[in-house]
Number of protein chains: 2
Amino acid sequence: MRRFIITASFLSFTVLSNAQAKKLSGFNDNSATQQFAAEEKFDGYLKADDVREFIKDMSAHPHHVGSPGGKAVADYIYDKFKNWGYDVQVAQYFVLFPTPKTRLLEMTSPVKFKAGLAEKAFPEDATSNQTSEQLPTYNCWSPDGDVTGELVFVNYGLPQDYEYLERLGINVKGKIVIAKYGHSWRGIKPKVAQEHGAIGCIIYSDPKNDGYYEGDVYPKGAFKNEYGVQRGSVMDMPIYPGDPLTPGYASTKEAKRLARNEAPNLLKIPVLPISYRDAEPLLRALQGPVAPESWRGALPFTYHIGPGKSIVHLKLEFNWDTKTLNNIIAKMPGSEWPDEWVIRGNHHDAWVNGAGDPLSGQAAMLEEAKAVSELAKTGWKPKRTLVYCAWDGEEPSLMGSTEWAEDHAAELQQKAVVYINSDGNGRGFLGVGGSHALEPFMNEVARDVTDPETGISILERRREVNIVAAAKSERLKKDMLENKTISIEALGSGSDYSAFLQHLGIPTFDLGFGGEDPGGEYHSIYDSYDNYRRFKDPSFIYGVVLAKTAGRMALRMANAEKLPFDFKSLYKTLNGYVKEVMALADQMRETTEIENTLIKNKYYEHTTDTAEKLLPPSRKDEVPYLNFSSLQNAMTTLEKSTHSLSDALYKTTLEEAKQDDVNKELYRAEQKLLSDKGLPRRGWYKHAIYAPGFYTGYGVKTLPGIREAIEQRNWKEAQEQIETDAEIIKNFSGYLDGIANQLGK
Amino acid sequence: MRRFIITASFLSFTVLSNAQAKKLSGFNDNSATQQFAAEEKFDGYLKADDVREFIKDMSAHPHHVGSPGGKAVADYIYDKFKNWGYDVQVAQYFVLFPTPKTRLLEMTSPVKFKAGLAEKAFPEDATSNQTSEQLPTYNCWSPDGDVTGELVFVNYGLPQDYEYLERLGINVKGKIVIAKYGHSWRGIKPKVAQEHGAIGCIIYSDPKNDGYYEGDVYPKGAFKNEYGVQRGSVMDMPIYPGDPLTPGYASTKEAKRLARNEAPNLLKIPVLPISYRDAEPLLRALQGPVAPESWRGALPFTYHIGPGKSIVHLKLEFNWDTKTLNNIIAKMPGSEWPDEWVIRGNHHDAWVNGAGDPLSGQAAMLEEAKAVSELAKTGWKPKRTLVYCAWDGEEPSLMGSTEWAEDHAAELQQKAVVYINSDGNGRGFLGVGGSHALEPFMNEVARDVTDPETGISILERRREVNIVAAAKSERLKKDMLENKTISIEALGSGSDYSAFLQHLGIPTFDLGFGGEDPGGEYHSIYDSYDNYRRFKDPSFIYGVVLAKTAGRMALRMANAEKLPFDFKSLYKTLNGYVKEVMALADQMRETTEIENTLIKNKYYEHTTDTAEKLLPPSRKDEVPYLNFSSLQNAMTTLEKSTHSLSDALYKTTLEEAKQDDVNKELYRAEQKLLSDKGLPRRGWYKHAIYAPGFYTGYGVKTLPGIREAIEQRNWKEAQEQIETDAEIIKNFSGYLDGIANQLGK
């Protein structure tokens, strides 16, 4: 890997020689030169060996919430920041965190089988034998339960899977379901099972998804072996994340708490994750219809759905303890605008050793913070305050970040310029999502970081990956080749940005590298240092690349004279979403009409193999024409407002104090996209544009109020949400006009 | 299944009550009434129990080419026709037919393994234990060979698979390849392996394709168990079928024969089919790169490509004997036009017991012939001669039909009105391919046959199956719902129609039922009566439906006053093909341009995981603009000619003798679509519109000269073929104009 490091250094030198000619949004020519020089120094302080050492040190023991290992990692991080000269605090919260007491899964019929529920230690993996420190394999937030019932295989356990079961005449009421991991956030599976009356839920990792079907298994290769189990949360986080007993406010020592059975985001049915070694006998014994093609995995037998003679018994008990979260918050005060915060975060808690998730990201953030402190020693100062946050309790439910954000909500909405998140990181390509008004800014950052494997910019590599992927699927159009920028993704959930973006309206990024680091270690004991150094980022150079990228983002946002928000970019993206939801309604109308015609004329009865006993789908209500005019008119207004503001920002040079007033209005603009009431039935999520899907969990739904109402065929609510969002967008335009007017004065 | 029979009878009664009002192309009102009445009687003679008995009798023993069982089946068929009053002849030919003498497959490294190469008998399958009469598992036309080499997994063994191997730097020269069955006719796999320098080829049945991945395995279910092997021919039939030693002429006793090593359609490398039980140790031992997603099957390990330490030894020896083919040819002379032949055919030889392939089709043809003979006893006569052909030697290389057609080429081109082929048959939906001038005729036939499972017509059921399939893949357009007809497929190869259609230009159909009869018995010992009655067509009613359908086709073609050719329909279909090949060239031009841009700019180097060691694809030559104008002009002419002829045919009523001259010209028209030289490098195939693909085997290539030249990037030949086909189409138009002029006189 030495070759790459040499290439990278050479290229950053080349870049610098052209620095004066290169545009840097938010900076004038003079300050841009200074900024580039600072970034060059910053890059020079970043060492892959540090990243390696941080990951190795922090992953030496399991360090989940409330564990001795967790406290040790928090202390380690605290000490680092302290040593580097930061103003460090431990922000503690006191949260519910269940851990397993009893775990029993057995099949009593047609053959007897008791699941092992244990991951095996291997000599090739030095920490895999720390059994006494490891959390057993479990899904956090499963209730206690002792259930016995017939077993039914439900594919990924999503709503459309139950529609298919209905066509087969199979009802899961009173039964235990077994679902595959994948295709949704895991918490959706037991939630949908519960909605359909199941009394228990087993989730297993099929070897097709991240086991031998994908590649050689650990420790020979990176993929999941027969023992590997994915732990993880099954809280209904699409309702709200954080401590389930303190919705919307901080779980301080004295906070009022809900009773556990009052928490609307906690499941009522027991759920347990298992390995494919444990799943195989259960699935093999199933009778009933053969599973359709898209349901089948890579185990060597015919997948049947059940039910039949298969009876399973699932018994789970947990310790429902309150644990202390230790968020480490480290500040470097801004020299000019100390009350404007550029916040950078990554969690430190893991399910077990967590070398990849989260330590690879945490180590990169620490290395970034170290380099910033070195830079500061040379006399350089951030103009805005830098806030580094190492979160605790992310794995159970984004608890550390959520409780802190709820605790400091008002202050954050005043001070937070941007929140930049990372999490697990690996070898490969830039992945970045966030607030679309910062898409051009992100492109500029990515332009200036060199990929160590190829010597081209991480921007160009990401762009080429998109193009090659499109070429493979033959979706490539020539205009894709002509576009030299990349889009950033909309954010759903799955890491610590949720409270900042979706609850508080803080401009947000989430970023990381990957795509050349596949494997099956996720949330298992095999997410270890030994695994990471062999399969994820052997030279640890992508930890440095992440530090360079997130560091540039932080340093530029900290020191830009004009904050580089570009609301034209937001308009363009949002307009795409508006067109999508309109097309979605049209497409559903056409599909529904055709499908109902087929059903009415018995096409399904006529064409389904009589031996299959598959009922026709149910007729669906027709899709009315929704009135999108208010939304369309709001978008017309927004287009004008964003163009006027851009022009005004481009043309005007203000005196410093006035510019800072404008900056404050710019970074607070995203808050105008929040609605007071939040989304229907989940008011914690207030952002009108971005939310995790109610039935996807991690996956984003853009314009979620409108989109999900259409998807759920709730036409009345869809129309209401159109009006709500139109009003929000209109007000947002008015707010932007206000800034433009101020500039015009 | 009784319910279905009742429904069917009821409906055919309903249909008849409206018979007079119903159009029947080629018949006037009066003769249509007679025809419908005859068809009603005909239907009445058809019995599912006969079909059952025929299948059971003929599948009682293995009956491959040259076997005692084969002779017995030929005699059985001969006797039936004789008893039913047909004029029966045995048309014998003397052909090469290799059978195995030595079969050895072993792995010598990294672990020792010797393949079992045997299918297991099961008590549930009464004929599966007839080991001494069964042909062992082998690929017919493999040469003798004794080779040892490294093993390489080549996916389906198609040209694009070798392109991928080249990107991995893997060359199969001097190595033995192992390929999966599927995605092409089996003979393509060793042919392409040989082209790439391999010294041997193993073909195995992956459980993903027709084994446990698809459903429960035999004898519990219908799918391939671990012992099942697909026998079959690997002659290079896309060059020519039939006896390889007598290309283009009949293999009579005294015919001059090529030496075996002169036959251009015989392989040079040994090839052997194996079960997944035998393939598993070979594949499991492979090293080298992990196979890409689309290459992986359902065996429970990571698929690697090799090569590595895996060494295999393959030794094969065959008896290269000459065997006698017994084609049974049964005629019922026409009362008005005895020199016009309506030919109906289905083979009788099998690889083993062949209950499904070919006896389910053979039994339906026999039942049809029986009913026709019953009808004849009532005084009804066919106006044209009916010729029933039970072919021998189809499995090795369509030998019986090919040698007979070559033997009677001139006579057939004078007399053959149509050739109607069938082969294996099962429960489900109509599948039909053939000459597109008869597409409207086919729709009328399908309109008048009732599906026994649903009570709707087989036309409507096929149409609805197409629509529901399109709805599943979201390709459905409303106009598909508005179209009340079905298209017939273009024919490639794989059954006995090839010589008639593609060598002689006889109007042709191939039809059968299926889609509700999946399984893995194809060409194995498990294609037995016990299998068929459990999984394929338990009530044998689809044998009756095939007899009703093919019977109607034969009876209507035999008795129509005006032969129901509709060249407007051919024009419409052909015009679609012309647009396809033009679009193909355009699409390849665009794809090549983009792909070359990606390659030139190193997008592949930049985006491919460096750990994968995958080279970029090779640059391809640019696609020139071809001159399609002659073809387009020929199509304009054809459109006019076909419309004029249709008008003239519709308006004119001729005296009988003159009408018959026109009829002769109509059924001989398809011969005008032949080229003298035939296709480049395979002149046996003379049809300008339909041919089996050189690299697909069974799969059709329409406008094959042009399409394959473009696909193979042979631009000079593509242009030549455009001119050739334009000339053919122009001449064809002139020929049709000649008929129209005659009508106008």
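Chain A comes out with a mean pLDDT of 95, and 97% of its residues reach 70 or more. Keep in mind that this is a predicted model. For the complex as a whole, the predictor gives an ipTM of 0.93 and a pTM of 0.94.

**Where to be careful**

- Residues 1-20 of chain A are the stretch to watch, as pLDDT stays under 50 there.

**How the two chains pair up**

- Counting residues, 35 of chain A are in contact with 35 of chain B.
- On the side of chain A that touches chain B, the elements giving two or more residues are helix 14 (458-472), helix 15 (478-482), helix 19 (567-600) and helix 20 (603-607) of chain A.
- Helix 14 of chain A gives the most to that side, with six residues.
- Sorted by class, this side of chain A has 19 nonpolar, seven polar and nine charged residues.

**The domains of chain A**

- Chain A is split into domain 1 (2-95 + 323-457 + 489-559) and domain 2 (567-744).
- Their C-alpha centres lie 30 Å apart.
- Where they touch, domain 1 of chain A puts in 20 residues and domain 2 of chain A puts in 24 residues.
- On the domain 1 side, strand 12 (416-421), helix 13 (439-447) and helix 16 (498-503) of chain A each supply at least two residues.
- Helix 16 of chain A gives the most to the domain 1 side, with three residues.
- The domain 1 side of this contact has ten nonpolar, nine polar and one charged residues.

**A closer look at helix 6 of chain B**

- Helix 6 of chain B (residues 188-195) is largely enclosed by the rest of the structure, because six of its eight residues are buried.
- The buried ones are Ile188(B), Lys189(B), Pro190(B), Lys191(B), Val192(B) and Ala193(B).
- Their cover includes helix 5 (159-167), strand 5 (176-180), strand 6 (200-204) and strand 8 (271-274) of chain B.
- Just after helix 6 of chain B comes Gly197(B), which takes a positive phi of about 90°.

Notes
Residues numbered from 1 in each chain as written. Chains lettered and ligands numbered in written order. Predicted model: local features only at pLDDT ≥ 70, side-chain atom pairs only at ≥ 80, totals over all residues. Buried ≥ 20, exposed ≤ 12 C-beta atoms within 10 Å, placed from the backbone. Helix = DSSP H or I, 4+ residues; strand = E, 2+ residues; numbered from the N terminus. Contact = placed C-beta atoms within 7 Å. pLDDT = per-residue confidence, 0-100. Nonpolar A, V, L, I, M, F, W, Y, C, P; charged D, E, K, R; others polar. Domains from an automatic or database assignment.
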